[in-house]
Amino acid sequence: MAVRTPDPDPNESNDETPRDPLAGFGLGNEFHAPGANPGWLSEVELAEARRHLPILYVEAIPVRQDGTGAVTEVGILLRATPMGEMTRTIVSGRVRFGETVRDALFRHVENDLGPMAFPLLPPQPAPFTVAEYFPIPGVSAYHDDRQHAVSLAFVVPVTGTCEPRQDALEVTWMTPEEASSESLSAEMEGGRGTLVRLALASVGALR
């Protein structure tokens with residue numbers, strides 16, 4: 001079954017108007033009305049952008065560390081697909097026009113894990129890998145049936161209480177061995193089991 005890169009983007013106000021994070025990008029020299037958020041595309045505009053452009057994402061594997069900095073737990077999200085199926089995934093979302101990668105990363109961690117997660121982000125975070133998602137299966141280890149997406153992937157230590165929000169139903173904390181298992185990889189969407197294993201290898205947590 002085709003899987004999709006999640007891109008949960010909460011409303012910036014209290015209304016229910018969906019907003020698009022590809023800020024300032026208008027196709028066909030189309031301008032938004034005064035007062036409207038210029039950082040959001042309509043569904044039609046977003047679909048058109050996806051037909052022509054790679055979309056930039058950030059992804060985060062939340063971890064807990066011991067006093068020496070060694071990774072002891074990995075946070076894996078549980079989500080329900082539009083078809084009602086349960087799938088495992090990680091923190092993920094698009095980068096807005098004019099937004100720094102660090103700000104995008106912080107925003108999506110807070111969106112998915114709640115404001116009390118307290119992620120530890122350096123001033124200049126560096127991804128452990130760049131994942132390329134293609135709509136055609138088999139081009140790379142990662143697949144997204146909607147689009148060509150380029151994702152900067154990070155390991156993000158969190159120190160607070162994580163309470164999943166938006167479409168995440170829960171966050172399950174696993175040992176590095178559990179998170180890198182074949183059984184979990186089979187439950188994860190879009191090839192993200194590979195991404196989790198790469199993340200753990202990058203911090204020396206694979207045995």
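Strands β1 and β2 pair in the antiparallel sense over 3 bridges; two strands count as paired if DSSP finds at least two bridges between them. Helices (H or I, at least four residues) and strands (E, at least two) are DSSP runs numbered from the N terminus. The model is predicted, so local features need pLDDT of at least 70 and side-chain atom pairs count only at pLDDT 80 or more, while totals for chains, interfaces and linings use all residues. Residues are numbered from 1 along each chain as its sequence is written, and side-chain values use heavy atoms, with hydrogens and water left out.

Antiparallel strands β2 and β8 are joined by 6 bridges, and G75 stands opposite W173 in β8. Because 7 of its 10 residues are buried, β2 is largely enclosed by the rest of the structure. Buried means under 20% relative accessible area, exposed over 50% and partly exposed in between (1.4 Å probe, protein chains only).

Helix α2 covers residues 101-113. Its buried residues include A104, L105, H108 and L113. Among the elements that cover them are β1, β2 and β8, where contact means heavy atoms within 4.5 Å. Just after α2, G114 takes a positive phi of about 95 degrees.

Definitions and conventions:
Expected span 1.5 Å × (residues − 1).
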